Amino acid sequence: MLQKNLKLNLLYHELKSPLVVVETGVTSLLNRSCLYGSLSEKQEKVLSRIQRNVRTAQLLVNDMLELGCAQKGIIRETPIKVSSIIPEVLWQVLDLTNHCLSSKIKDVLDLTQLQSILPEGGITLSISPEVWEKEFYLDERKLKQIIRNLMSNSLKHMKNSIEVTIKEQNSCFMCSVEDDGKGISPKYHKKIFEAYFQMDELEEHNLRGHGLGLAGVLILVEEIGGKLLLESDVGKGAKFIVLLPMPEKLNEG
Ligand SMILES: Nc1ncnc2c1ncn2[C@@H]1O[C@H](COP(=O)(O)OP(=O)(O)OP(=O)(O)O)[C@@H](O)[C@H]1O
Ligand SMILES: [Mg+2]
């Protein structure tokens with residue numbers, strides 16, 4: 001089994017190089033018209049679509065590699081600021097669903113500006129300026145992967161709104177993602193964290209997924225020593241809450 005996982009991870013690893021070549025090639029064509037000649041509007045549209053999709057493929061490959069690390073108990077905790085990860089996560093998840101908003105996020109300068117443009121996509125970001133700028137000692141890649149997966153689910157299932165909250169709670173780093181979608185019956189609260197399980201396999205948005213996102217999130221949260229909670233019921237939206245322990249060092253300061 002371990003050997004099989006290693007083979008798969010080596011395969012994902014090998015996929016990284018060709019994807020980098022495609023991504024940098026397309027980005028050069030888009031950004032360096034002085035070198036490659038100018039593009040027509042149609043060419044630019046097609047290349048932008050290729051760029052977005054190859055970046056999504058890169059994220060998926062990195063996510064699979066990170067899951068492999070987590071299953072081996074490899075955690076890389078470094079001091080990170082929420083201000084340096086949240087804008088990136090937001091533009092990555094919105095890149096395929098709301099490209100206009102995602103490109104605006106790339107130019108954002110501060111929390112207030114970000115909070116003022118997100119409602120355009122029905123998103124509220126609840127976070128204090130102190131938490132935004134504070135350094136937390138966490139595994140950056142795993143945290144990004146967790147929030148990306150929860151957000152992409154909420155974006156698929158939301159009716160009108162999503163609320164992302166980040167704060168400190170009982171010496172834990174707390175992040176929740178809540179949407180106002182159709183919700184999840186308590187009878188599925190365990191099942192949805194199983195690999196390949198989808199509540200309504202035939203629904204259009206589920207056909208695009210594989211039922212793997214939440215299984216991965218649970219592995220990552222548990223490997224970090226955290227907790228993943230779900231508050232939801234039919235017709236009442238869904239709220240996923242992630243609680244991650246903060247290592248002693250920073251609690252002291
Ligand atoms: N916010 C949500 N609201 C309602 N149902 C949800 C929500 N998040 C997840 N689910 C249900 O849980 C199932 C499992 O979610 P999971 O993220 O594991 O898979 P997926 O989103 O279908 O596919 P993938 O994440 O692999 O692209 C979903 O198919 C959906 O039925
Ligand atoms: Mg998902």
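This is a predicted model: local features need pLDDT of at least 70, side-chain atom pairs count only at pLDDT 80 or more; totals for chains, interfaces and linings use all residues.
Two packed helices are described by the angle between their axes and the distance between the axes. A friendly place to begin is helix α8, residues 140-157, and its partner helix α3, residues 41-71. The axes of α3 and α8 lie 10 Å apart, and the two helices pack at an angle of about 120 degrees. Angles of 65 to 115 degrees count as roughly perpendicular and those over 145 as roughly antiparallel, and α3 and α8 are therefore oblique to each other. The crossing in which α3 passes α8 is left-handed. On the α3 side, the contact is made by L59, D63, E66, L67, C69 and A70, while α8 contributes R141, K142, Q145, R148 and N149. Sorted by class, this contact of α3 with α8 holds five charged, four nonpolar and two polar residues.

Helix α8 also packs with α4. Here the axes come within 9 Å and cross at roughly 40 degrees, which makes α4 oblique to α8. The crossing of α4 and α8 is right-handed, whereas that of α3 and α8 is left-handed. From α4, the residues I85, I86, E88, V89, L90, Q92, V93 and L94 take part. They meet E140, L143, K144, I147, R148, M151, S152 and L155 of α8. By class, the contact of α4 with α8 has ten nonpolar residues, along with four charged and two polar ones.

In α5, residues 99-106, the buried residues are L101, S102 and I105. These residues cover an arc of only 100 degrees around the axis, so they sit on the same side of α5.

Is N9 buried, partly exposed or exposed? Its relative accessibility is 22%, so N9 counts as partly exposed. Leaving aside residues up to four places away in sequence, N9 touches M64, L65 and G68. The C-alpha atoms of N9 and L118 are separated by 36 Å, and these two residues are 109 residues apart along the chain.

Notes
Residues are numbered from 1 along each chain as its sequence is written. Chains are lettered from A and ligands numbered from 1 in the order in which they are written. Side-chain values use heavy atoms; hydrogens and water are left out. Axes are lines fitted to C-alpha atoms, for helices over the stretch in contact, and angles run from 0 to 180 degrees between N-to-C directions. Helices (H or I, at least four residues) and strands (E, at least two) are DSSP runs, numbered from the N terminus. Angles under 35 degrees count as roughly parallel, over 145 as roughly antiparallel, 65 to 115 as roughly perpendicular and the rest as oblique. A crossing is left-handed if the near helix is turned anticlockwise from the far one by less than a right angle, and right-handed if clockwise. Contact means heavy atoms within 4.5 Å. Ala, Val, Leu, Ile, Met, Phe, Trp, Tyr, Cys and Pro count as nonpolar, Asp, Glu, Lys and Arg as charged, and the others, Gly among them, as polar. Buried means under 20% relative accessible area, exposed over 50%, partly exposed in between (1.4 Å probe, protein chains only). The arc is that of the directions from the helix axis to the C-beta atoms.
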